[in-house]
Amino acid sequence: MKRIAFLLLALLLLAGCAPREDKHPEWGADLVRIGEDMAAQTPEGFALLESNDALAPGGIYYVSWSSGEGRTITDGEGKEATAYDAQLFVLLKECADEGAARGDVSDWMDREGQNYELGEPVEQIENGQSFTVLPLLSARGDNPYARGVAAFGVRNNCAVSVELLCADGFSQDATAVLTGFLQGLHY
């Protein structure tokens, strides 16, 4: 009986290890996949920092890129972290439906106001996808990223957030970098 239970457990574990069918074989290895239906090109001058789909069972995918040399900082709570000249973050959350995704996007946009003085939002369509682009004019508190720009969108039942956060040493136009990134997204 123990052998049968062991074999069943082994089969279940192996079934979870089977490779997933690639829904987009046309996407090259140079693209960073964000979930099953979205991929991004690494922006020029940036390096992939983290690609985390460990949150995927909950329907959340997270990817980040960095530009510049990392430096250790200590936040107001005494915790150490690494900050760069700029960081680009993508968060994709699969929701129950489009309405839930719109609710998440609204919440994320509201949270930006807790960390930054905000500029006027602008609607922007890149590569067939609509985004609300929100300038992050100046940081509040001990935020190491003085400024930035964020884009929020809904694609089917997914909420999408793309944030480019910039330290004072980042000399590129944040809006141009973000727009180029959005243009390079694949769906």
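Mentor: Welcome! Residues are numbered from 1 along each chain as its sequence is written, and side-chain values use heavy atoms, with hydrogens and water left out. As the model is predicted, local features need pLDDT of at least 70 and side-chain atom pairs count only at pLDDT 80 or more, while totals for chains, interfaces and linings use all residues.

Trainee: Thanks! Why is tyrosine 116 called buried?

Mentor: Buried means under 20% relative accessible area, exposed over 50%, and partly exposed in between, with a 1.4 Å probe and protein chains only. Tyrosine 116 has 2% relative accessibility, so it counts as buried.

Trainee: And what makes the stretch 116–118, where tyrosine 116 lies, a strand?

Mentor: Helices (H or I, at least four residues) and strands (E, at least two) are DSSP runs, numbered from the N terminus. Residues 116–118 form strand β8.

Trainee: Which residues does tyrosine 116 contact, beyond its neighbours within four places in sequence?

Mentor: Contact means heavy atoms within 4.5 Å. Among the partners of tyrosine 116 are Leu136, Ala139, Asn143, Tyr145 and Leu165. Alanine 139 is 23 residues away in sequence, yet the two C-alpha atoms are 4.4 Å apart.

Trainee: What makes the meeting of tyrosine 116 and asparagine 143 a polar contact?

Mentor: A polar contact is a pair of N or O atoms within 3.5 Å; within protein, one must be able to donate a hydrogen and the other to accept it, and residues adjacent in sequence count only if both atoms are side-chain atoms. The side chains of tyrosine 116 and asparagine 143 make such a contact at 3.0 Å. The tyrosine 116 side chain also reaches the backbone oxygen of tyrosine 145 at 3.0 Å.

Trainee: How many salt bridges does the whole structure hold?

Mentor: The search finds three. Another joins glutamate 98 to arginine 102, with the closest N and O atoms 2.8 Å apart; both residues lie in helix α2, four residues apart, about one turn of the helix. Lysine 79 and glutamate 77 also meet, at 3.6 Å. Lysine 79 has a relative accessible area of 52%, so it counts as exposed, and glutamate 77 is exposed at 64%.

Trainee: How do you know that β11 and β12 pair?

Mentor: Two strands pair if DSSP finds at least two bridges between them. β11 and β12 have nine, in the antiparallel sense. β7 and β12 pair in the antiparallel sense as well, over nine bridges, and lysine 93 has alanine 159 in β12 as its bridge partner.

Trainee: What makes β12 mostly covered?

Mentor: Nine of its nine residues are buried.

Trainee: Last one: what makes a set of residues a nonpolar core?

Mentor: It is a set of buried Ala, Val, Leu, Ile, Met, Phe, Trp, Tyr and Cys residues joined through side-chain atoms within 4.5 Å. The largest here has 28 residues, and Trp65, Val162 and Leu164 touch the most other members. A second, separate core of 18 residues includes Tyr116 and Ala159.

How values were computed: Salt bridge = Lys/Arg side-chain N within 4 Å of Asp/Glu carboxyl O.
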